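Here's a quick tour of one model, starting with charges and rings and ending at the ligand. Have the structure open while you read.

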Amino acid sequence: MHTKKNILGYSLESLELFFSEINESKFRAKQLLKWVHQKGVLDFGLMTDFNKDLRKKLSSIVCLKPPLIHKKYQSNEGTVKYLIELESGSMIEMVEIPEKNRRTLCVSSQAGCALQCTFCATGAQGFEKDLTSDEIIGQLWLANFHKKNKDLITNVVFMGMGEPLLNFDAVVESAKIMKHQLAYGLSRKRVTISTSGIVPQIDKLADSVDVSLAISLHSADNGLRDEIVPINKKYPINSLINSCKNYLLNYDNKRNITIEYILIEGVNDSIEHAKQLSKLLTNISCKINLIPFNKFDGCEYKRPSNDKIGDFKDFLMKKGYIATLRMTRGDDVDGACGQLVGNLRKSIKGKKLISHETII
Ligand code: SAH
Ligand code: SF4
């Protein structure tokens, strides 16, 4: 059977190319972007500023299709976690985090991840596939439009499953749609790509799309980072720091890189570690986001005590850094990404099921 091409994940430029290839005016691309990503309309038949022939033509050659919501879990403090099923059958997760004046969506860029960081539930599952741009933007589309009368997403972070910079083209294409004024219109401050440090792709990013960058550093010591973030063996800390510096040179306005640092008891949480970190980041314009380790089955690590976390943070603040603590929210629905899919797999094997969540 011939499957129609899905154009949900086309940026403005790709849509313009598409319309010119089918001998239609380029202007249609702008109209389509608005229908799909501002009004949430997927049915070409409802696109009233397209003439009947064009509506028919589009329906016969292409489609607009987000992935499926398999299940939705609501935590006590408002975090909503979605288990999403891709056409291939792979499962991914996305998390919606409502805060005072914003609503952040954490999206996945791959099903699974090949990089096997030792503290990460996604890494423990291995790699399944790269998401296509329609599967990435489809997550934002679903969060905004699968239910009527909902608050729209104000911020997107690529901190779900997968390493976004190893799926570069699809991630860039979807980030362009997130940012475009005729689509979601999110400013660069409101779209954040988080990476474990794929150096050549960090170097390419500034030329491709202007978003905010977060680096999952987790250790300032090369030997320790080799262990907990194995991609460090390929792109060691000094090359990563250099590429962060070069990245910042692309922009003349004042901007920061976010440095993410998971705190794991007895592994990277001592004052000595904080000292190393503070020294390493001396010449980098950044803010540091400390994330207490979130436990999951099959991983021995523990989160440090609140005192220990406080000491680590205070040390960095005294050194003049902006350091914030990201308290993992949605713990009762297995807050950190990768954990739901991990649990689902276990349940398929007939073991313990996802616990203590409310399915809505
Ligand atoms: N692959 C990318 C983006 C996805 S991971 C990256 O590594 O940056 C996004 C964030 O979730 C990273 O900072 C990662 O370190 C964090 N994370 C992964 N597992 C976690 C856990 N068990 N507890 C707390 N944070 C975790
Ligand atoms: Fe992959 Fe990021 Fe998890 Fe590391 S932390 S295994 S790079 S998803």
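## Charges over rings

Lys39 sits over the face of Trp35, 4.0 Å from the ring centre. Lys204 lies over the face of Phe168, at 4.3 Å from the ring centre. (A charge is over a ring if NZ of Lys or CZ of Arg is within 6 Å of the ring centre and within 35 degrees of the ring normal.)

This is a predicted model, where local features need pLDDT of at least 70 and side-chain atom pairs count only at pLDDT 80 or more, while totals for chains, interfaces and linings use all residues. Residues are numbered from 1 along each chain as its sequence is written, chains are lettered from A and ligands numbered from 1 in written order, and side-chain values use heavy atoms, leaving out hydrogens and water.

## An aromatic cluster

Tyr10, Phe18 and Phe19 make up one aromatic cluster. Rings of Phe, Tyr and Trp (its six-membered ring) pair if their centres lie within 6.5 Å; planes under 30 degrees apart are stacked, over 60 edge-to-face, the rest tilted.

The whole structure has seven aromatic pairs. With centres 6.4 Å apart and planes at 85°, Tyr10 and Phe18 are edge-to-face. Phe18 and Phe19 are edge-to-face too, at 5.2 Å and 65°. Phe19 has 0% relative accessibility, so it counts as buried (under 20% relative accessible area; exposed is over 50%, partly exposed in between; 1.4 Å probe, protein chains only).

## Around ligand 1

A polar side-chain atom of Glu260 lies 2.9 Å from an oxygen atom of ligand 1, and a backbone N or O atom of Phe119 is 2.9 Å from a ligand nitrogen atom.

Technical notes
Polar contact = N/O pair within 3.5 Å; in protein donor to acceptor, adjacent residues only side chain to side chain.
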